[in-house]
Amino acid sequence: MTYTGTGDKVTMPERAIRGVEPDGVVRVGLTGGIASGKSTVSRLLAAHGATIIDYDQLSRDVVATGTQGLAQVVEAFGPQILAADGSLNRAALGSIVFSDSRARHRLESIIHPLVEEAARRVDDQARIAKGVMVVVHDIPLLVETGRADEFDVVVVTDIDPAEQVRRVVERDGASQDDAWARIRAQASRKERLAAADIVIDTSGPLRDLPGKVNRAWSTIIESESSRFST
C-alpha cells in the first residue's frame, strides 16, 4: 500500500498493483467515505489528465425527471419521494434508505445496473480516445459492492470518522445522529483501507491535498510505465 499522508511520506506498495489493461489504459477505482474529500481528489486527478467517471453524477442522471430509473424508484418507494416539480426528493428518499438496510438494498438493485450501463459507455469511449492513459472510476460504494479487483489501482481517501461527522454536519446541516447513520451505512474505514493500493490522507488542510494527489499520480504512472518497460 502506498500511503500519501502528512509531509512527504510515501511508502512503497506492500502488494503489486494489478496489471494494466492490454490497451495500455490504467483503470483506477477511487473511493472514500462521505465527506472524505473524494470529489476534490477526483478533480485534482482530472487536472493531471485522467478521464473521470463520476458514479455520483451518473446515479443522479439515471433518476432524472422523466427517466425510466425514476419511474422504477417511485414504483418501489411511492410518490412521497417526489418533489413538487416531479423530480426526486433526495432527502425524502434518504430518510427511508439510510435507516433501513432492506430499503437501501432495494434502491441499489434499481440504481446500480443503470449506473453500470452508463459507466461502461463512458469507459468504452475513453478507451478509444487518443492519448488517454488513466480512467478513474469515482465510486462511493466500490468496497461495499465488492469491486476492488476490477481495477488496476484502488485509491482510498481516508479520514477519521469523527471528522467526517463534523464535515457532514457543517456541509449538509445534518444532525450528528444523521451523519453517523450515513457513515454506518457505508463500508467501515478498516474495510476500505484493506482494499486500498494507495491511501490519501484527507484530514489535513485543503492546501495540502494537491501535493498528496501529485504523489499518488506519480505512483500510478510509474507503476504503469514499469509494466510496459519489462
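Trainee: Which backbone nitrogen does the side chain of aspartate 197 reach?

Mentor: This is a predicted model. Aspartate 197 lies in the loop between helix 8 (189-195) and strand 6 (198-201). Its relative accessible area is 2%, so aspartate 197 is buried. At 2.8 Å, its side chain reaches the backbone nitrogen of valine 154.

Trainee: How many helices and strands does the protein chain have?

Mentor: The chain has 230 residues, of which 44% count as buried. Its accessible surface comes to about 11,700 Å², with 52% belonging to carbon and sulfur atoms. The count of elements is 9 helices and 6 strands.

Trainee: What is the phi of alanine 35?

Mentor: Alanine 35 is found in the loop between strand 2 (26-32) and helix 1 (38-47). Buried means under 20% relative accessible area, and alanine 35, at 13%, is therefore buried. Although alanine 35 is not a glycine, its phi is positive, at about 60 degrees.

Trainee: Which residue takes a positive phi of about 110 degrees just after helix 1?

Mentor: Helix 1 spans 38-47, so the place to look is just past that range. The residue there with a positive phi of about 110 degrees is glycine 49.

Trainee: Which residues does serine 59 contact, leaving aside its neighbours within four places in sequence?

Mentor: Serine 59 sits in helix 2 (residues 55-61) and is buried, at 18% relative accessible area. Its side chain reaches the backbone oxygen of aspartate 56 at 2.6 Å. Leaving aside neighbours within four places, the contacts of serine 59 are Arg90, Ile111 and Val115.

Trainee: Which residue caps the N-terminal end of helix 4?

Mentor: Helix 4 covers residues 90-97. A side-chain oxygen lies 3.2 Å from the backbone nitrogen of alanine 91, and this oxygen belongs to the cap, asparagine 89.

Trainee: Which exposed residues are on the face of helix 4 turned away from its buried side?

Mentor: In helix 4, Leu93, Gly94 and Val97 are buried. They cover an arc of only 100 degrees around the axis, which puts them on the same side of helix 4. The face turned away from that side carries the exposed residues Ala91 and Ser95.

Trainee: How far apart are the C-alpha atoms of valine 97 and alanine 185?

Mentor: Valine 97 lies in helix 4 and counts as buried, at 6% relative accessibility. Not counting residues up to four places away in sequence, valine 97 touches Phe77, Ala103, Arg104 and Leu107. Along the chain, valine 97 and alanine 185 are 88 residues apart, but their C-alpha atoms are separated by 9.2 Å.

Trainee: The charged end of which residue sits over the ring of phenylalanine 77?

Mentor: A search of the whole structure finds 0 aromatic pairs. The ring of phenylalanine 77 does have a charged end over it, 5.9 Å from its centre, and this belongs to arginine 106.

Trainee: Which helix do the buried residues of helix 7 pack against?

Mentor: The buried residues in helix 7 (residues 176-184) are Ala179, Arg182 and Ile183. Their arc around the axis is only 100 degrees, which puts them on the same side of helix 7. Asp177 and Arg184 are exposed on the face turned away from this buried side. The buried residues pack against helix 6 (161-172).

Notes:
Residues numbered from 1 in each chain as written. Predicted model: local features only at pLDDT ≥ 70, side-chain atom pairs only at ≥ 80, totals over all residues. Heavy atoms only, no water. Phe/Tyr/Trp six-rings, centres within 6.5 Å; stacked < 30°, edge-to-face > 60°. Lys NZ or Arg CZ within 6 Å of the ring centre and 35° of its normal. Buried < 20%, exposed > 50% of the residue type's maximum accessible area, 1.4 Å probe, protein only. Helix = DSSP H or I, 4+ residues; strand = E, 2+ residues; numbered from the N terminus. Arc of directions from axis to C-beta. Contact = heavy atoms within 4.5 Å. Areas by Shrake-Rupley, 256 points an atom, 1.4 Å probe, with all protein chains shown as cover. Polar contact = N/O pair within 3.5 Å; in protein donor to acceptor, adjacent residues only side chain to side chain.
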